[in-house]
Amino acid sequence: MKLVVSVVGLWLVAVASARAQEPPPRIPIIVIDVQGSVPRFPNDPNLAASRGYTAADGTLKSLSETELPGAGLGGQLGAHVYVFKFKAITVGVGGQVLVTRAKQTPPDDVQNQLKPVTEKFRSLGAQLSLNFGTGAGWSYLSGGIGRSNWSIVPEGNAPLEGDEEVLKTINYGGGARWFAKTHLAFSFDVRLYAINPGTPSLAGHPGSPRTTFMVLGAGISLK
């Protein structure tokens with residue numbers, strides 16, 4: 001029995017030593033990200049002026065910046081292919097789709113003056129990434145270009161032209177992935193979305209201003 005225990009012990013030590021000497025795994029060819037998102041929509045008076053509604057007396061009223069929802073919730077899905085490695089940098093290409101939503105409900109004592117407002121942002125874009133690390137975990141910087149739709153609609157109102165417009169959008173940011181298991185990782189992403197200005201509406205409101213805001217994402221990655 002002592003001999004068996006000694007042999008098993010020596011075998012475990014040998015295996016651990018061999019693993020310690022193995023080179024770290026390379027960044028895989030394909031990774032899928034599934035993440036929850038927290039957007040921080042801006043409370044910009046120019047943005048508020050670009051959306052409005054018809055009051056009871058038939059006049060056009062602009063939203064107040066205090067009626068804009070601010071922070072929201074959503075989700076994002078990304079797919080990335082890592083095409084080649086140059087020294088310490090692995091270059092990847094891919095894309096990401098983001099869907100988020102926020103709602104602001106005014107207090108009861110001012111609901112006769114202010115309406116609940118729902119804000120939605122949807123974006124689809126390509127990305128080029130520079131990745132640093134190994135297949136066990138790596139960080140990255142990435143950026144790309146795509147198209148987005150940004151709607152801000154008071155309750156009971158039809159969307160304006162700006163709420164249905166699709167705008168060119170640049171995204172850039174970074175994040176990291178840590179693979180605690182062979183095919184499953186925790187991941188996070190911090191991204192800025194720079195959105196082109198919108199077109200003025202036929203109702204008389206100016207177009208939405210050129211805007212940049214941040215979206216925080218966290219979830220899992222699969223390889």
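I began with the naming of elements: helices (H or I, at least four residues) and strands (E, at least two) are DSSP runs, numbered from the N terminus. With that in hand I looked up L184 and found its place in strand β9. The model is a predicted one, so that local features need pLDDT of at least 70 and side-chain atom pairs count only at pLDDT 80 or more, while totals for chains, interfaces and linings use all residues. Residues are numbered from 1 along each chain as its sequence is written, and side-chain values use heavy atoms, with hydrogens and water left out.

**Entry: the fold**

I noted three helices and 10 strands in the protein chain, and read their order from the N terminus on as α-β-α-β-β-β-β-β-β-α-β-β-β. For pairing I took two strands as paired if DSSP finds at least two bridges between them. By that rule eight strands close into a barrel in the order β1-β4-β5-β6-β7-β8-β9-β10, with antiparallel pairing. Neighbouring strands of this sheet are turned by 25° against each other on average, direction ignored; axes here are lines fitted to C-alpha atoms, for helices over the stretch in contact, and angles run from 0 to 180 degrees between N-to-C directions.

I then looked up contacts, meaning heavy atoms within 4.5 Å. Among contacts in the protein chain between residues at least 6 apart in sequence, I found that 67% join residues at least 24 apart.

For burial I used relative accessible area: under 20% is buried, over 50% exposed, and in between partly exposed (1.4 Å probe, protein chains only). Buried residues make up 40% of the 223 residues in the protein chain.

**Entry: β9 and its neighbours**

How many bridges pair β8 with β9? I found 10, in the antiparallel sense, and a hairpin of five residues joins β8 to β9. T169 has I195 in β9 as its bridge partner. On the β10 side, 12 bridges join β9 to strand β10 (residues 211–222), and these two run antiparallel; there Y193 has F213 in β10 as its bridge partner. I also checked β7 and β8, which pair in the antiparallel sense over 13 bridges, with Y140 standing opposite G175 in β8.

In a regular strand the side chains alternate between the two faces of the sheet.

I returned to L184, which is partly exposed, with a relative accessible area of 35%. Leaving aside its neighbours within four places in sequence, L184 is in contact with W178, F179, I220, S221 and L222. The C-alpha atoms of L184 and K223 are separated by 6.8 Å, although the two residues are 39 apart along the chain.

**Entry: aromatic rings**

Rings of Phe, Tyr and Trp (its six-membered ring) pair if their centres lie within 6.5 Å; planes under 30 degrees apart count as stacked, over 60 as edge-to-face and the rest as tilted. I counted 11 aromatic pairs in the structure. The rings of Y82 and W138 have centres 5.8 Å apart and planes at 85°, so this pair is edge-to-face. The pair links distant parts of the chain, Y82 in strand β4 (residues 73–86) and W138 in strand β7 (residues 137–154), 56 residues apart. Y82 counts as buried at 7% relative accessibility, and W138 is buried too, with a relative accessible area of 3%.

Is the pair of W138 and F179 stacked or edge-to-face? Their ring centres lie 5.6 Å apart and their planes are at 20°, so the pair is stacked. This pair also links distant parts of the chain, as F179 is in the loop between β8 (166–178) and β9 (184–195), 41 residues from W138 in β7. F179 counts as buried, at 11% relative accessibility.

Elsewhere I noted that ring pairs link F41, F121, W150, Y193 and F213 into a cluster.

**Entry: a residue in a loop**

Last I looked up K87, which lies in the loop between β4 and β5 (89–104). Its phi is near 55°, a positive value in a residue other than glycine. K87 is exposed, with a relative accessible area of 70%.
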